[in-house]
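Let's take a walk through a protein model together, going from its rings to its charged pairs and then to its ligand. Keep the sequence and the 3D view side by side as you read.

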Amino acid sequence: MNTGVWSPSSDSLKHIERCRMIDLPRINDPRGNLTFVESGEHIPFGIERAYYLYDIPGGAERGGHAHKELEQLIIAISGSFDIILDDGYRQERLHLNRSYYGLYVGNMVWREMDNFSSGSVCLVLASTLYDESDYYRDYDEFLQAARRGA
Ligand code: T46
């Protein structure tokens with residue numbers, strides 16, 4: 001996986017290689033810090049939807065799917081959790097624990113999430129509205145599609 005800021009040249013990379021930790025702007029202030037995300041500036045997509053995961057019980061696991069087209073930025077707004085990325089060839093486990101880092105996850109990447117800390121909140125910025133037909137929820141079906149280059 002790449003680290004650093006998104007750049008247009010990333011478009012030529014495939015699936016997991018396009019996933020990257022994005023260091024978001026931080027305005028440090030004695031009153032409290034501020035971080036912001038702008039479409040096309042910090043992330044390579046326009047934001048159509050935001051959702052968040054919260055009140056997550058200990059030991060819970062989420063995810064267990066991939067998206068045909070959707071791109072997302074995943075942020076540990078509070079607390080921490082792990083995310084496992086898998087493009088059908090490689091797997092990588094990442095720990096998210098800073099509200100100023102966003103994990104960009106492109107299409108055709110299977111993701112699983114676990115190890116949520118108590119009180120953690122996961123904010124997700126997404127490139128499209130919710131569409132169940134964009135999901136692979138069966139790993140074997142995803143694997144077949146990924147390996148034929150869908
Ligand atoms: C992802 C991880 C990080 C909606 O109605 N609208 C929405 O925008 C979303 C995201 C979900 N839903 C419904 C669909 C299911 O009936 O909420 C229910 C739970 O969704 P799901 O099991 O997909 O939740 P997670 O936490 O496993 O996955 C979600 C996203 O679906 C997924 O894209 O990357 O968060």
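This is a predicted model: local features need pLDDT of at least 70, side-chain atom pairs count only at pLDDT 80 or more; totals for chains, interfaces and linings use all residues.

Trp 110, Tyr 136, Tyr 139 and Phe 142 form a cluster held together by ring pairs. How many aromatic pairs does a search of the whole structure find? The search turns up nine. Take Phe 81 and Phe 116: their ring centres are 5.3 Å apart and their planes meet at 35°, so this pair counts as tilted. Is Phe 81 buried or exposed? Phe 81 is buried, because its relative accessible area is 0% and buried means under 20%.

Now let's turn to charge. Side chains of opposite charge can pair when their charged atoms come close. Across the whole structure, a search finds eight salt bridges.

One of these salt bridges joins Glu 71 and Arg 18, whose closest N and O atoms are 3.9 Å apart. This pair links distant parts of the chain: Glu 71 is in the loop between β6 and β7 (72–78), Arg 18 is in helix α1 (residues 15–18), and 53 residues separate them. Glu 71 counts as buried at 17% relative accessibility, and Arg 18 is buried as well, at 15%.

Next, find Asp 82 and Arg 93, whose side chains meet in a salt bridge with an N to O distance of 2.8 Å. Asp 82 lies in strand β8 (residues 81–86) and Arg 93 in strand β9 (residues 91–96), so this pair ties together parts eleven residues apart in sequence. Asp 82 is buried, with 8% relative accessibility, whereas Arg 93 is partly exposed at 49%.

For another example, look at Arg 26 and Asp 23, a salt bridge whose closest N and O atoms are 3.2 Å apart. Arg 26 has a relative accessible area of 37%, which makes it partly exposed. Asp 23 is also partly exposed, at 37% relative accessibility. Salt bridges can also join up into a network, as they do for Glu 17, Arg 90 and Glu 92.

Our last stop is the ligand. Which residues come nearest to it? Of the 13 residues around the ligand, the nearest are Arg 49, Arg 62, His 67, Gln 72 and Tyr 135. By class, this shell has five nonpolar, four polar and four charged residues.

Several side chains place polar atoms by the ligand's oxygen atoms. For Arg 111, a polar side-chain atom lies 2.8 Å from a ligand oxygen. Tyr 51 has a side-chain N or O atom 3.2 Å from an oxygen atom of the ligand. For Arg 137, the distance from a polar side-chain atom to a ligand oxygen is 3.0 Å. On its own, the ligand has 650 Å² of accessible area, and the protein covers 69% of that.

Which elements give two or more residues to the shell around the ligand? They are β5 (49–53), β6 (62–67) and β11 (110–114). Among the contributors, β6 gives the most, with four residues.

Conventions. Residues are numbered from 1 along each chain as its sequence is written. Side-chain values use heavy atoms; hydrogens and water are left out. A residue is near a molecule or strand if one of its heavy atoms lies within 4 Å of it. A polar contact is a pair of N or O atoms within 3.5 Å; within protein, one must be able to donate a hydrogen and the other to accept it, and residues adjacent in sequence count only if both atoms are side-chain atoms. Accessible areas come from the Shrake-Rupley method with a 1.4 Å probe; for residues, only the protein chains shown count as cover. Ala, Val, Leu, Ile, Met, Phe, Trp, Tyr, Cys and Pro count as nonpolar, Asp, Glu, Lys and Arg as charged, and the others, Gly among them, as polar. A salt bridge is a side-chain nitrogen of Lys or Arg within 4 Å of a carboxyl oxygen of Asp or Glu. Buried means under 20% relative accessible area, exposed over 50%, partly exposed in between (1.4 Å probe, protein chains only). Rings of Phe, Tyr and Trp (its six-membered ring) pair if their centres lie within 6.5 Å; planes under 30 degrees apart count as stacked, over 60 as edge-to-face and the rest as tilted.
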